[in-house]
Amino acid sequence: MRTATSISFLSGVVLFIALSQISISASAQNIDFGKSYINFTKGNLGGTVEPGDILEIRSSIVVRSGTYDSCGYFDVIPAGTTYIPGTLRVLTNEGKIFRQFTDAVGDDAGWVNGINIRINLGYGSAGFVASAVKRGRIVNTHKPSFFGSTCIMIASFRVQVTTGYGAILSLGGGSMSYKPSAGVLTSFN
């Protein structure tokens, strides 16, 4: 993702958080991307990010109209964190698990290989479904659906903060690949 999300720890105070979203429109097709995180350790109480906290990194792809092929999510485990095994998944807009993946390479559409994360997206139509060897197709009417006219998928994984106070934790980066029905394969960073 284009956004660099940084968190600086100084006596337990968050100094800087920046999140962004971008919309891409091409020939009556609309696709949006965004990246954020949730601090599961703090829950609804809020507060600063501290060493030992568990964060869920979330990268969304929203197809409001049109068809996109070769959809995939690529990221790395942020420095200063440790990946929590078994947390690689695609969520709905409500945060419910839509697809759960193993961490192993080659047995399903998502995997962790060293610090590299990949999730092949698109689960709607036979022949265009994401698998261990190919990225799939997303159409705005696919599930998980927002009122049947917009598909919202959130690629996610969890990490535990291992860096100490005073360090900078960068949660930005990553990319999404997609190909509009009448376009070329594109990577949004």
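Biologist: What makes β10 and β11 a pair of strands?

Modeller: In this predicted model, β10 (residues 110–113) and β11 are joined in the antiparallel sense over four bridges. Pairing requires at least two bridges, so the two strands qualify. Asparagine 113 has asparagine 116, in β11, as its bridge partner. The hairpin has two residues between the strands, and glycine 114 takes a positive phi near 70° there.

Biologist: Why is the pair of phenylalanine 146 and phenylalanine 147 called edge-to-face?

Modeller: The ring centres are 4.7 Å apart and the planes stand at 70°. Centres within 6.5 Å make a pair, and planes over 60 degrees apart make it edge-to-face; the pair therefore meets both conditions. The structure holds six aromatic pairs.

Biologist: Why does phenylalanine 146 count as partly exposed, and why does phenylalanine 147 count as exposed?

Modeller: Phenylalanine 146 has 37% relative accessibility, which lies between the limits of 20% and 50%, so partly exposed is the term. Phenylalanine 147 has 75%; exposed means over 50%, and therefore the term applies.

Biologist: How do you know that the charged end of arginine 137 sits over the ring of phenylalanine 128?

Modeller: The distance to the ring centre is 3.5 Å. The limit is 6 Å, together with an angle within 35 degrees of the ring normal. The charged end of arginine 158 likewise sits over the ring of phenylalanine 40, 3.8 Å from its centre.

Biologist: Which residues have the most contacts inside the largest nonpolar core?

Modeller: They are Tyr73, Ile119 and Leu121, in a core of 35 residues. β14 gives the largest share, six residues.

Terms used:
Residues numbered from 1 in each chain as written. Predicted model: local features only at pLDDT ≥ 70, side-chain atom pairs only at ≥ 80, totals over all residues. Heavy atoms only, no water. Core = buried A, V, L, I, M, F, W, Y, C linked by side-chain atoms within 4.5 Å. Buried < 20%, exposed > 50% of the residue type's maximum accessible area, 1.4 Å probe, protein only. Phe/Tyr/Trp six-rings, centres within 6.5 Å; stacked < 30°, edge-to-face > 60°.
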